[in-house]
Amino acid sequence: MPRISEIVKLYRLSATKKLSQNFLLDMNVCHKFVNCISVTKGSHICEVGPGPGGITRALLESDAEKVHVIEKDKRFLPPLEALRAASGGRLDVHLGDAKYFDMHSLFPPYCARPWQKMTPKVNIVGNLPFNVSLGLLLKWLEQISKKSGPWQLGRVPLTLTFQHEVAERILADVDSEHRCRLSIMSQDLFPPIMSNLVDDFFKISRVDPTKQSFRLSMEEWRELCHAYEQLCLLNPGLIDYNYREPRAKHMLTTSPLVRTSNLNELQ
């Protein structure tokens, strides 16, 4: 397959300012993006707004079993169809607006997992342009709160890149000029990354953190187990954490797991 930059030239594609489009042409960046996703054998991925297919190609080079792409701009259908033909049946291309698309229908029912258990082998990803990201996020946040749409399957993770202005709105404090409905909904459903887990763990268990493990009594071990159970109930994402896996694959938040990236971070 030709490089993404060559595909853009071949089909005379250009980013549309009206749609706030930006293309990821560097495959190293695309692979870094995909490395942020916990893609395992049997995973089903839905990419929103694939454009010329940089991230799509990186997804097809991963262990994903099936990749779906939803593209609104007809100009990108030829390069995406070329990828589909070369994918061996692993890629499906859908023309439509992701905001009104029934994503739940893309994923097989056997992917479903109970909300408080492990996350399903399903992921929604995308490099979202500014003008569509706000509407899509608000819709997805509403669906997450109602456990509808793709989230009928469980805590389906989102792995997304935004422009800096969108990230500012998501993270805006109460007294910030960027504070808006998106800020409130995002922070209500996804509290900040759990940075105080260790402190909370020992506070709940009331076990001395400086005490060596072989000196702990059976009562203290019981309290530690009870504290871990309490934290897992309060933070559903915690139970999926596996310290043996690469750190990039972990993003401990409340349901569902969310990974947001800035393009500058990936580069």
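**Questions on a predicted model**

Student: Happy to dig in! What share of the accessible surface of the protein chain belongs to carbon and sulfur atoms?

Tutor: The accessible surface of the protein chain comes to about 14700 Å² (Shrake-Rupley method, 1.4 Å probe; for residues, only the protein chains shown count as cover). This is a predicted model, where local features need pLDDT of at least 70, side-chain atom pairs count only at pLDDT 80 or more, and totals for chains, interfaces and linings use all residues. Residues are numbered from 1 along each chain as its sequence is written, and side-chain values use heavy atoms, with hydrogens and water left out. Of the accessible surface, the share of carbon and sulfur atoms is 54%.

Student: How many helices and strands are there in the protein chain?

Tutor: Both kinds of element are DSSP runs numbered from the N terminus: helices are H or I with at least four residues, strands are E with at least two. Counted that way, the protein chain has 10 helices and 6 strands.

Student: What percentage of the 267 residues is buried?

Tutor: A residue is buried under 20% relative accessible area, exposed over 50%, and partly exposed in between (1.4 Å probe, protein chains only). Across the 267 residues of the protein chain, the buried part is 46%.

Student: Is strand 1 enclosed or open, and how many of its residues are buried?

Tutor: Strand 1 covers residues 44–48. In a regular strand, side chains alternate between the two faces of the sheet. Here both faces are covered, with H44, C46 and V48 buried on one side and I45 and E47 buried on the other. Strand 1 is therefore largely enclosed by the rest of the structure, its buried residues numbering 5 of the 5.

Student: Nice! Which residue of strand 2 is the bridge partner of V48?

Tutor: Strands pair if DSSP finds at least two bridges between them. Strand 1 and strand 2 (residues 66–71) pair in the parallel sense over 5 bridges. Within strand 2, V48 has as its bridge partner I70.

Student: What is the handedness of the crossover from strand 1 to strand 2?

Tutor: The handedness is judged with the strands pointing away from the viewer: a clockwise path from the first strand over the helix to the second is right-handed. In this β-α-β crossover the chain leaves strand 1, passes through helix 3 (residues 54–60) and reaches strand 2; its handedness is right-handed.

Student: And which residue is the bridge partner of V48 in strand 4?

Tutor: Strand 4 (residues 122–127) also pairs with strand 1 in the parallel sense, over 5 bridges. Its residue facing V48 as bridge partner is G126.

Student: Where is D97, and which residues does D97 touch beyond four places in sequence?

Tutor: D97 sits in the loop between strand 3 (91–95) and strand 4, and is partly exposed at 27% relative accessibility. Its C-alpha atom is 8.9 Å from that of G49, 48 residues apart along the chain. Leaving out residues up to four places away, D97 touches I70 and K72.

Student: What is the geometry of the aromatic pair F201 and F202?

Tutor: Phe, Tyr and Trp rings (for Trp, the six-membered ring) pair if their centres lie within 6.5 Å; planes under 30 degrees apart are stacked, over 60 edge-to-face, and the rest tilted. The count by this rule is 1 aromatic pair. F201 and F202 are 5.2 Å apart centre to centre with 70° between the planes, making the pair edge-to-face.

Student: Last one: is R206 buried or exposed?

Tutor: R206 lies in the loop between helix 8 (197–205) and helix 9 (218–234). Its phi is near 60°, a positive value in a residue other than glycine. At 69% relative accessibility, R206 counts as exposed.

Key
Contact = heavy atoms within 4.5 Å.
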